[in-house]
Amino acid sequence: MKTLHLRASSEEDVALAAALLQSGQLVAIPTETVYGLAARLGDENAIRTIFQVKGRPPDNPLIVHCARIDDISQVATRIPPIAWQLLERFAPGPLTLVLERKEGVPAIISAGLPTVAVRIPALDVTREVIARVGEPVVAPSANRSGRPSPTCVAHVLEDLDGMIAAVLDAGPCTIGIESTVLNLVGDIAIARPGAITAEDLASVLGFPPPLMDVSSHTPIAPGMKYRHYAPSIPVILIESLDALPSVMQNTSVVLSTQPLPETYNWRPLHRATVYDEFRRAERQQRQAIYVLLTPDVRKDVALMNRLQKAAAPSATSDVSHRV
Ligand code: TXA
Ligand code: MG
């Protein structure tokens, strides 16, 4: 299959992206966080294909993306008032809510869980595509499972070229890490930290929701247990430059929010570009990516979460420890 490279700036291309989705094809769509691999909500075959092309374990559920806030009642039921209040404040934007799944919504998207995750993406063009499709779309990140999420079209093609109908190019994602996932079924808690922080959420909830510790509890979504966001070379978190091997030369790279002396082969560390740096180091065949955990990085809960998952041991040992 030839993957079409469509432009978000072209009305025709936007219409074509929507038409492809309507006809049961997979299209990678831009969002403010990362690119998503979209399929029409009502098309179970297309949704099954998402799991296949990503190599995604079937127990990792997908996020439903809606064009308008009201549309979440198409997929969720018994929506608590706090959900509407949160959406009023944060939607469209990088907040995903886990709600009770409505009867009739394909169980495959939720990996059989009685819940459903929903969000309203911030980019106008994303919502325009969804509105043209005429129903919500499901969209996990448009990468092969376990790999760093794609924050530009080149990343999507690196993983999925020839396997999907098209990618709609809106340039690099501004946020660069995935949405905050907030569980509203049972105890309110953050299942995945993101750009919308616990403190931001406290302005509506009245308290900062705790972060779910998936290492010590049964995760609400089994798929949360897997190693994620990782390039094919080791990611090593270091407390200080003293931890670097003495002979490093150009075989490795150091990511740092603080400028380092020229003698280090270093690159800047930011949320928006961290996945791009992972993929760049991989293309350049570095031996390892060292990440300097300065106090500002440690304070960034969302960035630390991705770094720790990327640095985690391989998926197999991870699963055996956590199931
Ligand atoms: O920013 C984002 O959320 C991006 C863009 C494309 O919207 N999407 C994304 O999707 O990151 P994905 O599939 O890579 O991650 C979905 C996350 C997973 O951690 C999954 O476990 C969680 O959402 N999730 C989905 N449905 C859930 C559910 N019913 N209960 C709990 N967690 C759920
Ligand atoms: Mg993902």
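Student: What makes the pairing of the D71 and R68 side chains a polar contact?

Tutor: The side chains of D71 and R68 are joined at 2.9 Å, and a polar contact is a pair of N or O atoms within 3.5 Å, where within protein one must be able to donate a hydrogen and the other to accept it, and residues adjacent in sequence count only if both atoms are side-chain atoms. This is a predicted model, in which local features need pLDDT of at least 70 and side-chain atom pairs count only at pLDDT 80 or more, while totals for chains, interfaces and linings use all residues. Side-chain values use heavy atoms, with hydrogens and water left out, residues are numbered from 1 along each chain as its sequence is written, and chains are lettered from A and ligands numbered from 1 in the order in which they are written.

Student: Why is D71 called buried?

Tutor: Its relative accessible area is 13%, and buried means under 20%, exposed over 50% and partly exposed in between, with a 1.4 Å probe and protein chains only; D71 is therefore buried. D71 lies in the loop between strand 4 (63-65) and strand 5 (76-77), where helices (H or I, at least four residues) and strands (E, at least two) are DSSP runs, numbered from the N terminus.

Student: Is I177 buried or exposed, and how do you know?

Tutor: I177 has a relative accessibility of 0%, so it counts as buried, and its place is in the loop between strand 9 (166-169) and strand 10 (180-183). Among the residues that I177 touches, not counting those up to four places away in sequence, are T33, G194, Y275 and A302, contact meaning heavy atoms within 4.5 Å. I177 and Y275 are 98 residues apart in sequence and 8.1 Å apart in space, C-alpha to C-alpha.

Student: Why are helix 5 and helix 7 called oblique to each other?

Tutor: Helix 5 (residues 153-160) and helix 7 (residues 274-283) pack at an angle of about 55°, with their axes 11 Å apart, the axes being lines fitted to C-alpha atoms, for helices over the stretch in contact, and the angles running from 0 to 180 degrees between N-to-C directions. Angles under 35 degrees count as roughly parallel, over 145 as roughly antiparallel, 65 to 115 as roughly perpendicular and the rest as oblique, and helix 5 and helix 7 are therefore oblique to each other.

Student: Which residues of helix 5 and helix 7 meet?

Tutor: H155, E158 and D159 in helix 5 meet Y275, D276, R279, E282 and R283 in helix 7.

Student: How do helix 1 and helix 4 pack, and at what angle?

Tutor: Helix 1 (residues 11-22) packs with helix 4 (residues 124-133) at an angle of about 50°, and their axes are 8 Å apart. Helix 1 is therefore oblique to helix 4.

Student: How do you know that helix 9 is mostly covered?

Tutor: Of the 10 residues in helix 9 (residues 301-310), 8 are buried, including A302, L303 and R306.
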